[in-house]
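This report describes the fold of one protein chain. The sequence and structure are shown first.

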Amino acid sequence: LQSNIRNSFFEQLSKGKGTATGAGLQAALAQGFAKVVTAFEDDIAQTIAFINPEDLATYQASHVVTLESSFGLQYLKNFLGYDIVIVSSKVPKGKAYATVTNNLVFAYASINGEIDKAFDFVADGKTPMLGVAHDINYSRLTAETITLSATKLFAEMTGGVVVISITAVGA
């Protein structure tokens, strides 16, 4: 389920309306940063970028970088002007996406709602975004696990998403 959410999210980011280009990760992210802060000039918001680990590795060859990890995500804080930079192989090598955190929305329907009355899902934690049910068939000695999620992670305004192209240094 998490992979499906991420795939859908990065597919949407790839269709962002803003564009920027730079030679190498640092220059490319700098150009993307300029486009994001211009697009959200009247808003006070944290900037966020998404980059490929191979592009970060090229940058790391000549710079010291400390990755942090939480909730299965690797990220950098206060990196090249951005408040947060998330590292993901879902971002194509040579590309990056940038926006502000206020432009990102995570919407979900509670599993403890009407559907739970009919199917008796077990929900996760305080925010029941994922549900699990088991269908046991004793005559065949089989068990089937069903998972359910009505979630969507997306950028509210694609015009506020900058798709950044990272070209080779010296190209």
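The text below covers confidence, overall dimensions, the sheet and the helices packed on it.

The model is predicted. Its mean pLDDT is 90, and 99% of the residues score at least 70. Confidence is highest in strand β6 (residues 95-100), at a mean of 98, and lowest in helix α4 (residues 114-119), at 77.

The protein contains four helices and twelve strands. Its radius of gyration is 20 Å, whereas a compact globule of 171 residues would have one near 16 Å. Along the principal axes, the C-alpha atoms fill a box of roughly 70 × 35 × 25 Å. Of the 171 residues, 32% are buried. Among contacts with a separation of 6 or more, 67% are between residues 24 or more positions apart.

An open sheet of seven strands has the order β1-β12-β6-β2-β5-β4-β3, with mixed pairing. Strands β1 (18-23) and β3 (68-70) lie at the edges, each pairing on one side only. From one strand to the next, the twist averages 30°. Strands β4 (residues 73-79) and β5 (residues 82-87) run antiparallel and are joined by five bridges. Tyr75 has Ile86 in β5 as its bridge partner.

| Helix | Strands touched | Angle between directions |
|---|---|---|
| α1 (residues 2-13) | β2 (47-51), β6 and β12 (162-167) | about 105° with β2 |
| α2 (residues 24-39) | β1, β2, β4, β5, β6 and β12 | about 155° with β1 |

Note on methods: Residues numbered from 1 in each chain as written. Predicted model: local features only at pLDDT ≥ 70, side-chain atom pairs only at ≥ 80, totals over all residues. Heavy atoms only, no water. pLDDT = per-residue confidence, 0-100. Helix = DSSP H or I, 4+ residues; strand = E, 2+ residues; numbered from the N terminus. Pairing = 2+ DSSP bridges. Axes fitted to C-alpha atoms, helices over the stretch in contact; angles between N-to-C directions. Contact = heavy atoms within 4.5 Å. Rg over C-alpha atoms; globule rule 2.2 N^0.38 Å. Buried < 20%, exposed > 50% of the residue type's maximum accessible area, 1.4 Å probe, protein only.
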